[in-house]
Amino acid sequence: MKDEEAMKLALSLAEKGRTSPNPKVGAVIVKDGRTLAVGYHQKAGMPHAEIEAIAKLRLEQLKGATLFVTLEPCCHNNKKTPPCVPAIIKSGILRVVCAMEDPNPEVSGKGISQLKKAKIDVVVGICEKEAKKLNEHYIKRVTTHLPFVSMKVAMSLDGKIATRTGDSKWISGEKSRRYTQELRDRYDSVMVGIGTVLKDNPRLTCRINGGHNPVRIIVDSKLRIPLDSNVLKRAERMVIIGCGKHDNDKKMKELEKLGATVFQCPRKDGEVDLRLFMKKIAETGINSILLEGGSALDGTMLDEQLIDKFYVFIAPKVIGGKDAKTPIAGLGAELMKDALLLDNITVTQMGVDWLFEGYAEYKN
C-alpha cells in the first residue's frame with residue numbers, strides 16, 4: 001500500500017469521530033504492503049487512534065511495521081488518556097508517517113522529536129492539506145484561543161431573508177433545510193441573537209435521527225430571554241448565554257437553575273463584547289460555532305472579523321421591498337474595496353437552491 005493511499009484511509013477513518021475538544025485522528029498500521037489494523041479517535045476520553053490500532057495486534061505483528069496517522073502523535077499527559085508516543089516506541093513500530101504536526105503548543109513537534117530520538121523513521125506532510133481541512137475547527141481554537149465560526153444564511157435571489165412583514169418560512173427548499181440540520185450535527189454549537197429567540201422561539205436542536213444536539217449559544221445583552229423559551233428546555237447539550245453589563249442577578253440565577261451558563265462580557269456601551277465572549281466559549285472546549293443570526297448579530301460578528309467561513313443558500317425567489325430584511329446588518333464596508341472577498345469557494349446545487357461555501361480572507 002502506497003503512503004498516500006494509506007493516509008487517505010486514515011483520513012476517512014478520522015472523519016467518523018466526535019472528538020471535540022480534541023482533534024479528529026485516524027491511524028492505519030501497514031507491514032509488507034498489507035494493512036494489519038486501523039483505528040480512529042471516537043470520542044474525547046476514549047483511546048486515541050494510534051492506541052486503538054496498536055491494541056488490535058500482537059508484538060510480533062507490530063515489529064517493523066509502519067504507522068500512518070493523520071496528526072502528530074501526542075506526548076503530553078492529560079487527565080483522560082495516556083500519551084501515544086511511549087506506546088508507539090514500545091510497540092516496535094519502525095516508521096511513522098504523519099500528515100501534519102500538531103499545532104497545539106503542548107505537542108507542536110515534541111512527539112515527532114521523541115520518536116526520532118527512539119530511532120524511529122518519521123515522515124511528515126503526506127496529505128497535509130486534507131489533514132488541515134479535517135481539523136480546521138480544532139486548529140483555529142488551539143492557535144488563536146477563538147472558536148471556528150461559520151455563518152449560515154438562507155436568502156432570496158435579491159438578497160432578502162424575510163418579507164416586509166417578517167415572514168421567512170420558508171425561503172430555502174427542503175434539501176437546503178436538511179443540510180442545515182447536517183451542519184448542526186457537525187458543529188459543536190449553534191449561535192443566534194436574542195432577536196431570533198424572541199421572534200421564532202427556536203429549539204436549535206438537530207432534527208436528524210441519531211444526530212447530536214449542539215450547544216445552544218445566545219447573545220442577549222440585557223438578559224431578555226424568557227425563562228420558558230424552547231431553547232432553555234432540557235436537551236442533550238447545554239446552553240450558553242452572553243450578556244452585557246446588567247444588575248439583574250435574580251434573572252441570572254434563574255437561568256443558571258435551568259442549566260444555562262451565563263457569561264458577562266460587557267463593552268463600554270453595555271452591549272456584548274463578542275471577541276471576549278468568543279474567548280470564553282473557546283475556554284469551555286468548544287471548537288466550532290454555526291452562526292444562524294439574525295442580521296444584527298451576523299453584521300456585528302462580521303464587523304469584528306470573527307467569521308471564518310460562510311454557507312450561503314440562495315433560493316430562486318425574488319421578494320422585493322425596501323423594508324424586507326437583508327441577511328447581514330452591522331456597520332459593513334465603507335468602500336467597495338473594503339468588502340470582504342471570499343476564498344476557496346465551492347458552489348453546489350441543493351434541490352432548487354444553490355449553496356455557496358467560502359472562507360473569509362480579511363485584509364487586516
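Modeller: Two strands count as paired if DSSP finds at least two bridges between them. The model discussed here is predicted.

Biologist: In the open sheet of 9 strands, which strands stand at the edges?

Modeller: The strand order is S10-S9-S8-S7-S11-S6-S12-S14-S13, with mixed pairing. Each edge strand has a single partner strand, so one side of it is left without a neighbour in the sheet. The edges are therefore strand S10 (260-264) and strand S13 (341-350).

Biologist: Which residue of S8 is the bridge partner of Val190?

Modeller: Strand S7 spans residues 189-193 and strand S8 spans residues 215-219. These two strands run parallel and are joined by 5 bridges. In S8, the bridge partner of Val190 is Arg216.

Biologist: What angle does the direction of helix H8 make with that of S12?

Modeller: Helix H8, residues 174-186, packs on the sheet and touches S6, S7, S11, S12, S13 and S14. With the direction of S12, that of H8 makes about 165 degrees.

Biologist: In the open sheet of 5 strands, what is the average twist from one strand to the next?

Modeller: This sheet has the order S2-S1-S3-S4-S5 and mixed pairing. Strand S2 (34-40) and strand S5 (121-124) each have a single partner strand, so one side of each lacks a neighbour in the sheet. From one strand to the next, the twist averages 15 degrees.

Biologist: Which residue in S2 stands opposite Val30?

Modeller: Strand S1, residues 26-31, runs antiparallel to S2, and 6 bridges join them. The residue of S2 opposite Val30 is Thr35.

Methods: Residues numbered from 1 in each chain as written. Predicted model: local features only at pLDDT ≥ 70, side-chain atom pairs only at ≥ 80, totals over all residues. Heavy atoms only, no water. Helix = DSSP H or I, 4+ residues; strand = E, 2+ residues; numbered from the N terminus. Contact = heavy atoms within 4.5 Å. Axes fitted to C-alpha atoms, helices over the stretch in contact; angles between N-to-C directions.
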